[in-house]
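Open the model in your viewer and keep the selection panel at hand. The stops below go from one selection to the next.

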Amino acid sequence: MKFLLSWIVLSIVWVGANGFSSPNNNNNNSNKQQMLDGATSANSRRQFVLGTAATLLSSAVAAASARAEDSTMYSPSFVQSYDDFTKTDEGWQYRDVKVGRTGEAAQTGDRVVFDWSGYTIGYFGRPFQAKGGPQGGAFDKDLDYERVVLGSGTLVKGVESALVGMKSGSVRQVIVPYGPLSYPESDKEHVAVGPKPSTFSGQRALNFVLDNPRVDRTMLFNVKVIRVDRPNGKGGYTRGVGL
């Protein structure tokens, strides 16, 4: 790109130095004709070089604009590929750390109670939701766990899809690329579509990456199913077997 622009500038300078020069003037008619012919030829060369330079400059600017636009698109696939994970047709990837064997496997319509942690795996692996905090309270052990009805669309699509088929006690790592499978741009507070970080610093760390098109916005979620509740047909749920 720099070489091309340098060539264009040198071409324009050359034309400025030579394109407007005319042959030596004398009183001879033949020399006058040669002068006219030379001026015409020089003018043609000047128009040709300037036209070519303008075309190349336009192409260079267009190419630079295209590259700038590409930088705001989704992260390239090679930074979202992890050999030890299984990639699904939808685009999210997973690895089962532990396969639960308690109760029924979660399916669409079930209410899943789960624990989670999240990391900006594409950007230094920084946590925006870390494990190790207090769990539950004096009267309800589920107080600090997340709950979601599968199919409700209230959870990041990549994570919601990953919960399908998991049983109580299952632990799964899920890699979610930026885009339709991740957090929506319209919900900066992550209220409509979770999981929402439980701390302000966690939410700020998450949004810093989500709002930055120059970094890889791929996310890693660790999810552990605590319990799977089945619909009871009366608008509620039958509590499943939990941990």
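Which residues have the most contacts inside the largest nonpolar core? Select Phe114, Leu163, Tyr183, Phe221 and Val223 to see them. They belong to a core of 30 residues. Keep in mind throughout that this is a predicted model. As background, nonpolar side chains in soluble globular proteins tend to be buried together.

Strand 3 (111-120), helix 3 (157-163), strand 6 (171-176), helix 4 (200-210) and strand 7 (219-231) each supply at least two of its residues. Strand 7 gives the most, with 5 residues.

Now centre on Leu163. Leaving aside neighbours within four places in sequence, Leu163 is in contact with Ala106, Phe114, Val148, Leu150, Leu155, Val223 and Val225. Two of these partners, Phe114 and Val223, are also among the core residues with the most contacts.

Move on to strand 3. Is strand 3 largely enclosed or largely open? Of its 10 residues, 8 are buried, so strand 3 is largely enclosed by the rest of the structure.

Show the strands that pair with strand 3, taking them one at a time:

- Pick Ser117 and look across to Asn222 in strand 7, which stands opposite.
- Strand 5 (residues 146-149) is also antiparallel to strand 3, with 4 bridges between them. Arg111 has Val149 of strand 5 as its bridge partner.
- Strand 4 (residues 126-129) pairs with strand 3 in the antiparallel sense over 3 bridges. Here the bridge partner of Tyr119 is Pro127.

Stay with strand 3 and strand 4 and select what connects them. These strands form a hairpin with 5 residues between them. In that hairpin, Phe124 takes a positive phi near 65 degrees.

The last stop is empty space. Rolling a probe the size of a water molecule over the atoms shows where such space is left. How many cavities of 30 Å³ or more are there? The count comes to 1, and the largest cavity holds about 50 Å³ of space. To find the largest cavity, select its lining: Tyr178, Tyr183, Pro184, Glu185, Asp187, Lys188, His190, Asn207, Leu210 and Asp211. Colour these by type and the lining divides into 4 nonpolar, 2 polar and 4 charged residues. Tyr183 links this stop to the opening one: this residue lines the cavity and is also among those with the most contacts inside the largest nonpolar core.

Conventions. Residues are numbered from 1 along each chain as its sequence is written. This is a predicted model: local features need pLDDT of at least 70, side-chain atom pairs count only at pLDDT 80 or more; totals for chains, interfaces and linings use all residues. Side-chain values use heavy atoms; hydrogens and water are left out. A nonpolar core is a set of buried Ala, Val, Leu, Ile, Met, Phe, Trp, Tyr and Cys residues joined through side-chain atoms within 4.5 Å. Buried means under 20% relative accessible area, exposed over 50%, partly exposed in between (1.4 Å probe, protein chains only). Contact means heavy atoms within 4.5 Å. On a 1 Å grid over the protein atoms alone, a cavity is a set of points where a 1.4 Å probe fits but cannot get out, and a pocket is an open set with protein on both sides within 12 Å along at least five of seven lines; lining residues have an atom within 4 Å of a point. Grid points are joined across faces, edges and corners, and a volume is the space filled by probe spheres set on the points. Ala, Val, Leu, Ile, Met, Phe, Trp, Tyr, Cys and Pro count as nonpolar, Asp, Glu, Lys and Arg as charged, and the others, Gly among them, as polar. Two strands pair if DSSP finds at least two bridges between them.
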